[in-house]
Amino acid sequence: MRTLLPPHDGEITDADLERAYDYPSDLDRPWVQVNFVSSVDGAVAVDGRSAALGNPADKKVFMLGRDLADVVLVGAGTAKAEGYRGVRAGEVRAERRARLGRAPVPPIAVVSARASIDPDSPLVTDTSVPLIVLTTSSASAERREALVAAGADVVVAGGTEVDLVAALRALDERGLRRVDCEGGPALFGSLIAADLVDELCVTIAPKLVGGGAGRIAHGPAVPPRDMTLVSALHHGSALLLRYRRVR
């Protein structure tokens, strides 16, 4: 992996990546970093999954995102499609998290307006820290109670749709300010609409996919949000780009 921006001689080290991708040190509010991979023709997935677009460098940056985060934020549809479970201690670098003063393992927070997570799913049962479910007051009380009984931390944020401002406030109250959002497109679109995206890390895979695959964000139309490019790496013909919101 080599850098295009900022200038750097030679291969990128793990220490270089950590400095580049870490969160601001003086956070006084939640900071949302969104991670996606896209084909060069804009497809977000192949046969419904993003794995076919990835590469070793993209995987390293994806795992680094979890290393550096206080919480992993994901939409319920993506969690189901990608077979999510809880983050395991062996999947994050204990030395890095300890050195940076982070908890041993980041919890996963799933956005689900209907609290549609199965209490027997690996998200709930195969985890070392409780799953956080960000849901609504209109979600079935029975489903919410079943998730609580199974050990999940259920947060009601909004009436019929999840209020993402309130959801991030609830994460902040739990000391979870470094937010690593792993999708999907609907959640990303909602974050854009609410102007809650602080950073976007996107890998451009050197593939043409065609077909009817969606793009990395979809949702309500909003005025364009200005971003500035802060780093650009390449691994073979893949580009790993990082943009920060201009505020």
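The largest pocket here has a volume of about 1,200 Å³. A pocket, on a 1 Å grid over the protein atoms alone, is an open set of points where a 1.4 Å probe fits, with protein on both sides within 12 Å along at least five of seven lines; lining residues have an atom within 4 Å of a point. Grid points are joined across faces, edges and corners, and the volume is the space filled by probe spheres set on the points.

Before going on, the ground rules. This is a predicted model: local features need pLDDT of at least 70, side-chain atom pairs count only at pLDDT 80 or more, and totals for chains, interfaces and linings use all residues. Residues are numbered from 1 along each chain as its sequence is written, and side-chain values use heavy atoms, with hydrogens and water left out.

Back to the largest pocket. Its lining has 49 residues, and Thr78, Glu82, Tyr84, Glu182 and Gly183 lie nearest its centre. Two or more lining residues come from each of β2, α2, α3 (76–81), α8 (185–193), β8 and β10. Helices (H or I, at least four residues) and strands (E, at least two) are DSSP runs, numbered from the N terminus. The largest share of this lining, six residues, is from α2. By class there are 23 nonpolar, 16 polar and ten charged residues. Nonpolar covers Ala, Val, Leu, Ile, Met, Phe, Trp, Tyr, Cys and Pro; charged covers Asp, Glu, Lys and Arg; the others, Gly among them, are polar.

The second largest pocket holds about 410 Å³ of space. It is lined by 18 residues, with Phe188, Ile192, Arg215, Ala217 and Arg225 nearest its centre. Both α8 and β10 supply at least two residues of that lining, and α8 gives the most, three residues. The classes are eleven nonpolar, three polar and four charged.

Next, the strands. Which residues of β5 face each side? In strand β5 (residues 132–135), Ile132 and Leu134 lie on one side and Val133 and Thr135 on the other, and all are buried. Buried means under 20% relative accessible area, exposed over 50%, and partly exposed in between (1.4 Å probe, protein chains only).

Strand β4 (residues 108–111) runs parallel to β5, joined by three bridges; two strands pair if DSSP finds at least two bridges between them. Leucine 134 of β5 is the bridge partner of valine 111. On to β6 (residues 153–156), which is also parallel to β5, with four bridges. There, leucine 134 has valine 155 as its bridge partner. From β5 the chain passes through helix α6 (residues 141–149) to β6, a right-handed β-α-β crossover. Right-handed means that, with the strands pointing away from the viewer, the path from the first strand over the helix to the second runs clockwise.

Helix α1 (residues 14–21) has Asp16, Leu17, Glu18 and Tyr21 as its buried residues. Their cover includes β2 (31–39), α2 (56–68), α4 (94–99), β8 (199–205), β9 (227–235) and β10 (238–245), where contact means heavy atoms within 4.5 Å.

Are they buried or exposed? Proline 223 is exposed, because its relative accessible area is 54%; proline 220 is likewise exposed, at 54%. Between the C-alpha atoms of proline 223 and aspartate 120, 103 residues apart along the chain, the separation is 41 Å. Proline 220 and leucine 164, 56 residues apart in sequence, are 14 Å apart in space, C-alpha to C-alpha.
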